Amino acid sequence: MLWIIALVVCVIEGAKLGGDVAGSWHGSLIGGFVGSVAWVAGLFLLAWMGGQWSGSGYVPQCRNGCCRSYHPDKDDRDFRLKVIERECYWLCKCGDRYQRRGKRFVLINEDGTETPYMIWRAFRGWFPDGG
Ligand SMILES: [Zn+2]
């Protein structure tokens, strides 16, 4: 709902500004258009910021160093998301299992125990997790 209000505000403010600058309805039309473009750009920026903040969808390089990190905007497929017994896992090509725990990325060992691996830092990426 909020993004629709934001769109309307962007278009109206853009139209007002355009009308003031150009002094005609042409200006309002162009201003309104610019406002809607600014809204779309803002939406993309917000989505990008959200992704950078939480790191959701981002996966680091595997611990063997042979599988590339996974980025939602790129088509890298070294990691696969798989559901095993109702749990979601990231599987790399080496066969290692990883799980996302908030901002942490943990390695799931053969016996089901977890080893801290990497931690996401907002806007900075993955860093080794000290535990
Ligand atoms: Zn791997």
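In the protein, 31% of the contacts with a separation of 6 or more are accounted for by residues 24 or more positions apart, a contact meaning heavy atoms within 4.5 Å. The structure is a predicted model, in which local features need pLDDT of at least 70 and side-chain atom pairs count only at pLDDT 80 or more, while totals for chains, interfaces and linings use all residues. Residues are numbered from 1 along each chain as its sequence is written, and side-chain values use heavy atoms, with hydrogens and water left out.

Read from the N terminus, the order of the elements is α-α-β-β-β-β-β-β. With a radius of gyration of 22 Å, well over the 14 Å that the globule rule gives for 131 residues, the protein is more spread out than a compact globule. Here the radius of gyration is taken over C-alpha atoms, and the globule rule is 2.2 Å times the number of residues to the power 0.38. Along the principal axes, the C-alpha atoms fill a box of roughly 70 × 30 × 25 Å.

The surface comes next. Of the 131 residues, 31% count as buried, where buried means under 20% relative accessible area, exposed means over 50%, and partly exposed lies in between (1.4 Å probe, protein chains only).

Charged side chains can be followed in the same way. The protein has 16 positive and 13 negative charges, whose mean positions are 2 Å apart. For this tally Lys and Arg count as positive and Asp and Glu as negative, while His and the chain ends are not counted; the place of a charge is NZ of Lys, CZ of Arg, CG of Asp or CD of Glu. There are 6 salt bridges, each being a side-chain nitrogen of Lys or Arg within 4 Å of a carboxyl oxygen of Asp or Glu.

One of these salt bridges joins Asp96 and Arg63, with 3.0 Å between the closest N and O atoms. Asp96 sits in the loop between strand S2 (87-92) and strand S3 (97-101), and Arg63 in the loop between helix H2 (25-54) and strand S1 (79-84), so the pair ties together parts that are 33 residues apart in sequence. Asp96 is buried, at 12% relative accessible area, whereas Arg63 is partly exposed, at 46%.

Asp78 and Arg68 form another salt bridge, their closest N and O atoms being 3.2 Å apart. Both Asp78 and Arg68 lie in the loop between H2 and S1, 10 residues apart. Asp78 is buried, with a relative accessible area of 7%, while Arg68 is partly exposed at 45%. A further salt bridge brings together the side chains of Glu114 and Arg101, at 2.3 Å from N to O. Since Glu114 belongs to strand S5 (residues 114-121) and Arg101 to strand S3, this pair ties together parts that are 13 residues apart in sequence. Glu114 is partly exposed, with a relative accessible area of 41%, and Arg101 is also partly exposed, at 34%. Through salt bridges that share partners, Arg68, Asp78 and Lys93 are joined into one network.

Several loop residues also deserve a look. Arg86, in the loop between S1 and S2, has a phi near 65 degrees, a positive value in a residue other than glycine. Arg86 is exposed, with a relative accessible area of 85%. Phe123 likewise has a positive phi near 65 degrees and lies in the loop between S5 and strand S6 (125-128); Phe123 is partly exposed, at 41%. Gly102 is found in the loop between S3 and strand S4 (104-108) and is exposed, with a relative accessible area of 58%. From Gly102 to Gly130 the C-alpha distance is 15 Å, across 28 residues of sequence.

The C-alpha atoms of Met1 and Arg77 are separated by 35 Å, the two residues being 76 residues apart along the chain.

Terms used
Helix = DSSP H or I, 4+ residues; strand = E, 2+ residues; numbered from the N terminus.
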